[in-house]
Amino acid sequence: MVQSGKTKNVGIFLAIFTLILGINLGVFHSGFTLVSFAQETMEAQEAPVTEEAVNIEETVIAEETEEELDISLTAEYITYEKIEGEDLIIAQEGVELKYQDIEIKAEYLKINLTTHLLFASGEILFKQDKTETKCEELTYNWKTKKTILLRLKGELTGEGIKGKVYYQGEKMENFPETVEIAGGSVTTCELEEPHYHIAAKEMIIYPKDKIIARNISWYEGKTKIITLPYFLIFLDRKTQQPILPKIGQNSADGWFIKTNFNYYIDEKSYGTFYIDWLERKGIGTGVEHTWEIGNQDNPGEASLYLYQIKEKDSGKISLSGKVKYGQEFEDNVRTQVILDYSGMKAEGGALLSNSLKSQFTLDTQGEKYNLNISGKYNFSGKEMDDLSIDGNVTIKHNYTFSDKLNSALTLIYTDKNPASQEAADLELKPKWELKYKGEGYTLGLTTEKRFDLDGDNYTGDNVLRIIDRLPEFVFNKSAAAIGDTKITYDINASVAHFYESATEEDNWRGEYIINLKRPFNFGEYLTLTPSGIFRQDVYLSGEARYLVGGKIDLKADYNPYISSTLSYSYNKSVGPTPFNFDYITPLTNTVSGKLTLTPTEKIKLDLSTNYNFVTENFGNLVAKLEYKPKDNWKMDFSSSYNLNSMEWTKKINSTLDLQLSDDWRIRYRGVVDLDGFKLSNSVVGITRDLHCREITINYKQATKSFWVEFYIKAFPTEKITLGGQ
């Protein structure tokens with residue numbers, strides 16, 4: 001019996017030794033990696049780990065599957081056990097696991113190689129796809145990618161959110177396209193006890209898309225404010241669905257109360273009902289519905305908006321509607337269509353006005369090209385007989401032959417048919433540009449021409465801006481230095497055949513422009529920069545013109561407190577041009593100056609004016625004062641003095657932005673009229689920072705109106721407004 005017992009113990013020892021040796025030498029190939037073994041002796045049921053084993057960087061454990069895993073595991077204690085035929089790896093204290101796109105930190109972790117399950121407990125941090133979630137228990141199946149978290153807290157963000165959305169719940173479970181949380185809440189306040197939160201019976205998270213909460217209650221602190229059946233937070237856009245009613249006043253509607261009721265059919269079909277009361281108009285009702293169409297590879301969205309209001313005094317019915325469709329397709333193809341309708345009927349049903357605006361775009365992009373087709377068509381009129389049409393279609397095609405050579409083709413078709421005209425104005429304008437970029441220079445070839453498709457049928461053509469280029473060759477030499485001097489030059493030259501409709505001039509023009517510049521530094525504080533220009537234009541019909549001119553800029557920084565700039569500019573043109581579009585003023589002769597005083601870091605004063613020697617007139621003397629008495633305080637004042645009439649406007653434009661404390665801020669914009677000490681065009685806003693929210697009381701002097709704005713900082717576009725603007 002003793003011998004038998006010894007033999008049995010030796011067998012067990014050899015089996016354990018072989019298993020440990022296999023683990024350390026990589027004999028068994030489970031496909032996941034273990035790192036950092038325990039450095040202390042395990043309890044009796046745990047296999048001992050030697051000092052040598054601690055220093056082994058990677059260990060591979062076998063699993064009889066064709067698919068190999070790549071799991072990295074570190075912990076203070078790691079053991080292997082086989083219980084009821086199941087292979088288990090147990091890690092404790094300082095556990096860190098990485099597998100594909102997930103990372104887990106926990107106090108306790110158990111890996112079941114037989115059932116492909118991973119279980120963690122304690123204080124757990126679960127990371128996946130840039131999203132972090134804390135929980136107390138976690139179960140993960142690396143075969144099915146199924147994850148279940150208990151008693152969790154997490155955060156996420158998106159394009160439509162400024163900051164983060166914080167969520168928590170009793171249970172979170174992932175599905176192929178969603179994450180569902182039971183008994184949870186959501187907020188954008190990061191405090192342990194948030195200023196507000198939305199409690200929900202169930203939340204469905206569509207990563208990078210939206211959060212749908214069912215049976216929600218909105219709490220301010222611990223006080224319930226409102227209960228709603230559904231609530232949506234979009235993560236992929238900057239606008240959100242309206243939540244609370246808008247109460248206010250404006251010149252068109254008078255006082256108003258605009259209410260909205262959001263509804264939800266499923267994750268791809270939802271909308272809002274509108275019921276409004278307008279003091280001057282009556283009751284308005286409407287609906288807006290959104291459908292998310294396509295799939296993950298071809299996402300799209302379609303929406304329908306309808307709204308009507310019956311004016312209480314006249315009985316007229318105002319109708320408006322909008323249809324939007326947009327979708328992405330394979331091969332980088334994107335399209336969008338928008339139809340916008342507005343109309344009005346008399347009380348008896350007669351149509352008083354009718355308007356439909358439409359637009360569409362189709363865009364596709366390849367490795368070397370980009371194609372964009374867009375159009376806009378507007379229709380207005382009561383009947384087909386008096387229908388006015390105004391539309392255009394544009395096709396743009398850009399192609400890159402190489403890093404240096406590219407082409408751009410543009411076709412513009414216009415269709416204008418006013419109800420007052422029997423014939424339509426139909427035009428086609430193609431334009432083609434070819435550009436080559438060399439070392440220090442560029443070459444360009446452009447051709448464009450207008451085709452009058454209606455001939456002489458339409459007589460209301462606007463020919464003032466019609467210029468055909470058939471073609472134009474352009475050469476531009478980038479700025480470069482002349483030898484070892486500090487003189488820089490650049491050259492622009494062109495040869496072109498133009499046709500100008502306004503003058504009916506058909507002519508060739510050759511042109512070149514030379515610019516020169518040379519800065520001179522006189523000491524540390526004085527810089528003189530003279531520059532010159534020479535331009536020559538020659539026309540095939542015999543005309544010739546030249547322009548010669550220059551500019552002198554003198555900049556002086558006397559010390560950190562005083563700086564000034566004085567500029568003198570002179571240009572003279574001699575000779576005629578047969579065209580209107582390239583007309584040049586015969587003579588310009590001006591001087592301008594600016595003085596900047598900065599006595600302290602808190603005060604800055606700018607004084608500027610100019611004088612025109614041709615018209616013999618001064619420009620206004622403008623004074624601008626910037627005062628920053630302390631951090632987060634800024635005051636700007638400006639005024640002007642007429643040097644020709646020697647009169648002061650006696651008006652000071654003022655802008656104030658004062659952060660009184662961490663919680664209070666005042667903004668003011670307006671004009672102080674010293675002639676009678678009156679304020680005009682004043683707008684005042686007093687803001688109270690409520691941590692994750694903000695409330696502002698505004699006053700506008702022009703309309704003598706007050707209004708209050710309240711919004712959650714995470715959703716700055718969705719403001720709740722009370723009062724008139």
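Visitor: What makes arginine 509 buried?
Guide: In this predicted model, arginine 509 has a relative accessible area of 6%. Buried means under 20%, so arginine 509 is called buried.

Visitor: Is glutamate 511 buried or exposed?
Guide: Glutamate 511 has a relative accessible area of 12%. That value also falls under 20%, so glutamate 511 is buried.

Visitor: Why is the pair of arginine 509 and glutamate 511 called a salt bridge?
Guide: The closest N and O atoms of the pair are 3.6 Å apart. The cut-off is within 4 Å, so the pair counts as a salt bridge. Salt bridges that share partners join Arg509 and Glu511 with Arg535, Asp537, Arg545 and Asp582 in one network.

Visitor: What makes arginine 450 and aspartate 452 a salt bridge?
Guide: Their closest N and O atoms are 3.7 Å apart, and the limit is 4 Å, so the pair qualifies. Arginine 450, at 15% relative accessibility, counts as buried. Aspartate 452 is at 27%, between the 20% and 50% limits, and therefore counts as partly exposed.

Visitor: Which parts does the salt bridge of arginine 214 and glutamate 202 tie together?
Guide: The side chains of arginine 214 and glutamate 202 meet at 3.2 Å, N to O. Arginine 214 lies in strand β13 (residues 210-220) and glutamate 202 in strand β12 (residues 196-206), so the pair ties together parts that are twelve residues apart in sequence.

Visitor: Why is arginine 214 called partly exposed?
Guide: Its relative accessible area is 24%.

Definitions and conventions: Residues numbered from 1 in each chain as written. Predicted model: local features only at pLDDT ≥ 70, side-chain atom pairs only at ≥ 80, totals over all residues. Heavy atoms only, no water. Helix = DSSP H or I, 4+ residues; strand = E, 2+ residues; numbered from the N terminus. Buried < 20%, exposed > 50% of the residue type's maximum accessible area, 1.4 Å probe, protein only.
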